[in-house]
Amino acid sequence: MTALAPPGSAYGLRHVLYPYDTADQYLAGTLAYIDQAHTYGAAVLIAVPEVRRDLLQSHLNGHSVAFLDTGALGRNPGRLIPAWQEWIAEHQRDGRTVHAVSESTWTGRSAAELSELRYHEWLLNRAFAQAPAWSLLCPYDTSDQPADSVQTLGRMHQWLWDGADCVPGTDYDPGPYPFEPYGEPCDPYEEIPYTGGDLAALRRKVAACAHAHQLPRQRLHDLQLAVTEIAANSIRYGGGSGTLRIWIQDGAMVCELRDTGVIADPLAGRIRPTPAQSGGRGLWFANQVCDLVEIRSNESEGTHIRLHVDLLHE
Amino acid sequence: METTAFPVLEPGEHACWLVRTVGEFADGAGQFLGHGARTGDKTLVIAAPCAASRAADQLSSVTFLDPRTPAGARDLVARTVRQEALRAGREGYRALRVLAQMETITPPGTGLDDLVEHELSLQDLTAGTATSVVCAYRQDLWDAPLLRGLTALHSWHVPADEHAAGFRMTPTGPGCWVLSGAVDYDETRSFAALLRAALARSRSLRLDCRGLELIDAAGLKVLTDAARVPGARIRVEGVTSTVARTWRLSGYGDAGLNMELLP
């Protein structure tokens, strides 16, 4: 089977990578995907940058699609999975299958953001493994990207879209995910050990650094909340103590919190907590208020979490 | 020797003094008497005998009370404070100020809930009156996290930045409280104890949160657990945009609790 039939399994994500290098190719291939989706009676959801949205809108020829507003989500890929969960649930209510298009912006982003975007693509497979089946096309502009980037992204996509048909991807690797190692903190940085009773002191340290770099007040509150949550997790679950490091990098204030605990669930902080859920809100808050959250966690090195808040973001 | 510089004690205030040494208490009690004499207040010192109490015997404006043993001391203290407040009014004093050496009223080792209840009964003696109370806790006799929690329900404490809770929760009327500062995981034990005490007095609570700068997931959990107490109804007023956002993100708003947040 090569055509984009409705997903054969009742569960799981059909995750399709579409590498392209011209606007014409983008338009032709994406419209072909939408055409096929409509043939199968699927609901079509589109989450793309504004320039792509305008291009698609002018060529849809009356096809009914829903454009999703991703602007409110900001740049943090950690907010995308819960957003997709809500969008998909909303459009699957009437029993229709969902075929979606999602294009991330891969240019003008820091190495840390690109790394998290790639990880997000891998996590999508896991997040929807037990969910009702749906299909997601990920157009990827190769024209200004490294030559090996398609292969890298191919690891996270089981399928490739060739512009007309869906074919199995040859680079797909379900895991474990090969995390890229963190870079060193930028100098100068502050390092503050903490344990129970130190949360207020940590917030004061964050405030002092934020004031020195003119971080807007609301963003300081965001960062203080995130640091409080992650440090509290260290105290509760991460061996009772940890270390905070603060520095400025790529136009953002970065707070790194390290402890000896292990976060076993790769989706921690990316699933909206239920009202009845008693815990599990700390990382969720961090993802919702920070511009980027990076997590590295394993048995040998413990957990290192980096919280980024853009200095110029209002 | 450690010394304490007391802030001005206004009528109706309920303050906390975390005493580092026995000598510091004696010195501070002397200061307390001196302040009272200068401001025209009547003074009640509840303490074991010390230099200050001996000096107090010489002053007509000062009453000294040694409960001898904490057993039954709470009732004795409450009676005495009320009597002295009435006397102060009759005799033309501006106010009554009380210094209580807490180990003489309640034994060290008392649990947080019991201490909170006791503190609230002292607070009741000041509410709507010209009586002010300073609760002196010796740091070598009491558990440090417990003392930290207790500072939350006092209008101020000395030393200023030592062993202090990051938040304040003080009563302003029946079922009405002001909650300010930051409630985080470090504060959950004392925050929960204060909410339990507040709900024991009134199942309907109004929390004025205009000064609440931050509440984290652990603090929200404590607040929502309180709202799950049978019959509890909690109205959270004056929330800042930061707190409102945290609440919205938490999802607790859809938990069907008898609790509302208002700007």
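**Helix packing and cavities**

In chain B, the residues R74(B), V77(B), A78(B), V81(B) and R82(B) of α3(B) make contact with D114(B), H118(B), L122(B) and L125(B) of α4(B). Five nonpolar, one polar and three charged residues make up this contact of α3(B) with α4(B). The model is a predicted one.

Geometry of the helix pair
- The axes of helix α3 (residues 73-90) and helix α4 (residues 112-126), both of chain B, come within 10 Å and cross at roughly 15°.
- Because angles under 35 degrees count as roughly parallel, α3(B) and α4(B) are therefore roughly parallel to each other.
- The crossing of α3(B) and α4(B) is right-handed.

Largest cavity
- There are four cavities of 30 Å³ or more, and the largest cavity has a volume of about 60 Å³.
- Residues that line the largest cavity include L17(A), W106(A), E121(A), Y140(A), L153(A) and H157(A).
- Strand β5 (residues 134-141) of chain A gives the largest share of this lining, three residues.
- By class, the lining of the largest cavity divides into six nonpolar, three polar and two charged residues.

Second largest cavity
- The second largest cavity has a volume of about 50 Å³.
- Among the residues that line the second largest cavity are L179(B), C209(B), V236(B), W247(B) and M259(B).
- At least two lining residues each are supplied by β10 (212-215), α7 (217-227), α8 (241-250) and β12 (259-261) of chain B.
- The lining of the second largest cavity has eleven nonpolar, no polar and no charged residues.

Note on methods
Residues numbered from 1 in each chain as written. Chains lettered and ligands numbered in written order. Predicted model: local features only at pLDDT ≥ 70, side-chain atom pairs only at ≥ 80, totals over all residues. Heavy atoms only, no water. Axes fitted to C-alpha atoms, helices over the stretch in contact; angles between N-to-C directions. Helix = DSSP H or I, 4+ residues; strand = E, 2+ residues; numbered from the N terminus. Parallel < 35°, antiparallel > 145°, perpendicular 65-115°, else oblique. Left-handed = near helix turned anticlockwise from the far one by under 90°. Contact = heavy atoms within 4.5 Å. Nonpolar A, V, L, I, M, F, W, Y, C, P; charged D, E, K, R; others polar. 1 Å grid on protein atoms, 1.4 Å probe; cavity = no way out; pocket = protein on both sides within 12 Å on 5 of 7 lines; lining within 4 Å. Points joined across faces, edges and corners; volume = space filled by probe spheres on them.
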